[in-house]
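Please look through the sequence and the structure shown below before reading on.

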Amino acid sequence: MNCKRCHHVAQIHEESQKSSSLMKLGKCAIPECMCRQFVESIDQLDEDLM
């Protein structure tokens with residue numbers, strides 16, 4: 001799944017318990033990327049997706 005904000009894959013984003021992301025992913029690990037929190041393209045994850 002890609003971030004709606006920066007379009008980088010979820011695996012590149014660092015885990016963060018402070019994140020409001022449903023997947024608890026924080027800032028993007030790519031040095032020049034300014035994205036501070038992963039944004040899901042899906043508004044709500046349903047149990048079948050997890």
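## The chain as a whole

The chain exposes about 3900 Å², and carbon and sulfur atoms supply 50% of that area; accessible areas come from the Shrake-Rupley method with a 1.4 Å probe, and for residues only the protein chains shown count as cover. This is a predicted model, in which local features need pLDDT of at least 70 and side-chain atom pairs count only at pLDDT 80 or more, while totals for chains, interfaces and linings use all residues. Residues are numbered from 1 along each chain as its sequence is written, and side-chain values use heavy atoms, with hydrogens and water left out.

The chain has two strands and zero helices, where helices (H or I, at least four residues) and strands (E, at least two) are DSSP runs numbered from the N terminus. Of its 50 residues, 28% count as buried; buried means under 20% relative accessible area, exposed means over 50%, and partly exposed lies in between (1.4 Å probe, protein chains only). Among the contacts in the chain with a separation of 6 or more, 29% are made by residues 24 or more positions apart, a contact being heavy atoms within 4.5 Å.

## Cysteines and the nonpolar core

How many disulfides does the chain have? A disulfide is a pair of cysteine sulfur atoms within 2.5 Å, and by this rule the count comes to zero. C3 is in no disulfide, since the nearest cysteine sulfur, that of C35, is 3.8 Å away. C6 is likewise in no disulfide, and the nearest cysteine sulfur to it, that of C3, is 3.9 Å away. C3 counts as buried because its relative accessibility is 1%, and C6 is also buried, with a relative accessible area of 15%.

These two cysteines belong to the largest nonpolar core, which has eight residues: C3, C6, A10, L25, C28, C33, C35 and F38. A nonpolar core is a set of buried Ala, Val, Leu, Ile, Met, Phe, Trp, Tyr and Cys residues joined through side-chain atoms within 4.5 Å. If residues up to four places away in sequence are not counted, C28 touches C6, H8, I12, H13, C33 and C35.

E15 is found in strand β1 and is exposed, with a relative accessible area of 71%. Leaving aside neighbours within four places in sequence, E15 is in contact with K24, L25 and G26. E15 and F38 are 23 residues apart in sequence, and their C-alpha atoms are 9.5 Å apart in space.

K24, one of the residues that E15 contacts, lies in the loop between β1 and β2 (25-28). K24 is partly exposed, with a relative accessible area of 32%, and its phi is near 55°, a positive value in a residue other than glycine. H7, in the segment before β1 (13-15), has a positive phi of about 70° although it is not a glycine. H7 is exposed, with a relative accessible area of 56%.

## A nonpolar patch on the surface

Which residues form a nonpolar patch on the surface? They are M1, L22, M23 and I42, with about 310 Å² of accessible area together. Patches are made of residues with over 30% relative accessible area and no salt bridge, with like charges joined within 9 Å and nonpolar side chains (Val, Leu, Ile, Met, Phe, Trp, Tyr) within 5 Å; a salt bridge is a side-chain nitrogen of Lys or Arg within 4 Å of a carboxyl oxygen of Asp or Glu. M23 is in the loop between β1 and β2 and is partly exposed, with a relative accessible area of 33%.
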